[in-house]
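Work through the following exercises with the sequence and the model side by side. Each task is followed by a solution that goes step by step.

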Amino acid sequence: MKYALVTGGSRGIGRAVCVKLAQMGYHVIINYVSNQGEAEKTLNLVREAGQTGELMPFDVSNQVEMSHALDMWTESHPDEYIEVLVNNAGIRRDNLLALMPESDWHRVLDITLNGFYNVTQALLQPMMFHKYGRIVNMASVSGLKGMPGQSNYSAAKGGLIAATKALAQEVGRKNVTVNAVAPGFIRTDMVEGIDEAVWKKSIPMGRFGTPEEVAELVGFLVSPVAGYITGNVISINGGLYT
């Protein structure tokens, strides 16, 4: 049995990634914080794809909560390890920096950057011990070019990109790859409130992307054939920013 963990896997891109990994033969561990109903829908889709899965609720920014959940899993799987990690959990709290509450700054960075550290650090040593692992971090076009009204989100995703490049150099000799995917406008809950008709005019492809298109890229990066790709940030944005 091969195991993959997707943080923030209950909806949107996370859900599509869970289904893709199931199609690739992985037992999918679906992380979520509070929306158990949506997480169970994802689990049902994983099972419809012909694979097994399980739910693992915890807040990625809460190290105690996260450690307890992963320790419980490790105790029940003493001879196995999670070989694929997709750090997908993230939130938006958009505002001009001059008007941004301090709590919105910290919450966005806590989930993306502290969440990356907490979960990745916990799973990294088993990957290195087994000399095989795949880590994919969900960045954003905002982390590459910056977006007005998203100083917190851009800082978080930009930091995640830098961490991706650094970690890839640390673990490459252990056959662990670390890459980032940087989506543009993808039709999910994360783009609620954004006028698609206006924004798609600035996208050469003339449309928003789909979660399934992002999931296909993630599936390639975690596959054995992508074993020589590491430390990269791959944009998937319809030509919005290159």
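A residue is called buried under 20% relative accessible area, exposed over 50%, and partly exposed in between (1.4 Å probe, protein chains only). The model is predicted, so local features need pLDDT of at least 70 and side-chain atom pairs count only at pLDDT 80 or more, while totals for chains, interfaces and linings use all residues. Residues are numbered from 1 along each chain as its sequence is written, and side-chain values use heavy atoms, with hydrogens and water left out.

**Exercise 1.** Classify His 130 by its relative accessibility, and find how far its C-alpha atom is from that of Tyr 81.

Solution. His 130 belongs to helix H4, where helices are DSSP runs of H or I with at least four residues, strands are runs of E with at least two, and both are numbered from the N terminus. Because its relative accessibility is 39%, His 130 counts as partly exposed. Tyr 81 is 49 residues away along the chain, and the two C-alpha atoms are separated by 8.6 Å.

**Exercise 2.** Decide whether Asn 118 is buried or exposed, and list its contacts beyond four places in sequence.

Solution. Asn 118 is placed in H4, which spans residues 102-130. With 5% relative accessibility, Asn 118 counts as buried. A polar atom of the Asn 118 side chain lies 2.9 Å from the backbone oxygen of Val 60. Once neighbours within four places in sequence are set aside, Asn 118 is in contact (heavy atoms within 4.5 Å) with Val 60, Ser 61, Asn 62, Gln 63 and Met 66.

**Exercise 3.** Describe how helix H3 packs against H4, starting from the angle between their axes.

Solution. The axes, which are lines fitted to C-alpha atoms over the stretch in contact, with angles running from 0 to 180 degrees between N-to-C directions, lie 10 Å apart for H3 (residues 63-76) and H4, at an angle of about 30 degrees. H3 and H4 are therefore roughly parallel, given that angles under 35 degrees count as roughly parallel, over 145 as roughly antiparallel, 65 to 115 as roughly perpendicular and the rest as oblique. On the H3 side the contact is made by Gln 63, Met 66 and Leu 70, and on the H4 side by Tyr 117, Asn 118, Val 119, Ala 122 and Leu 123.

**Exercise 4.** Determine how H4 is oriented relative to helix H6.

Solution. The axes of H4 and H6 (residues 151-171) come within 8 Å and cross at roughly 15 degrees. That angle makes H4 roughly parallel to H6.

Notes. A polar contact is a pair of N or O atoms within 3.5 Å; within protein, one must be able to donate a hydrogen and the other to accept it, and residues adjacent in sequence count only if both atoms are side-chain atoms.
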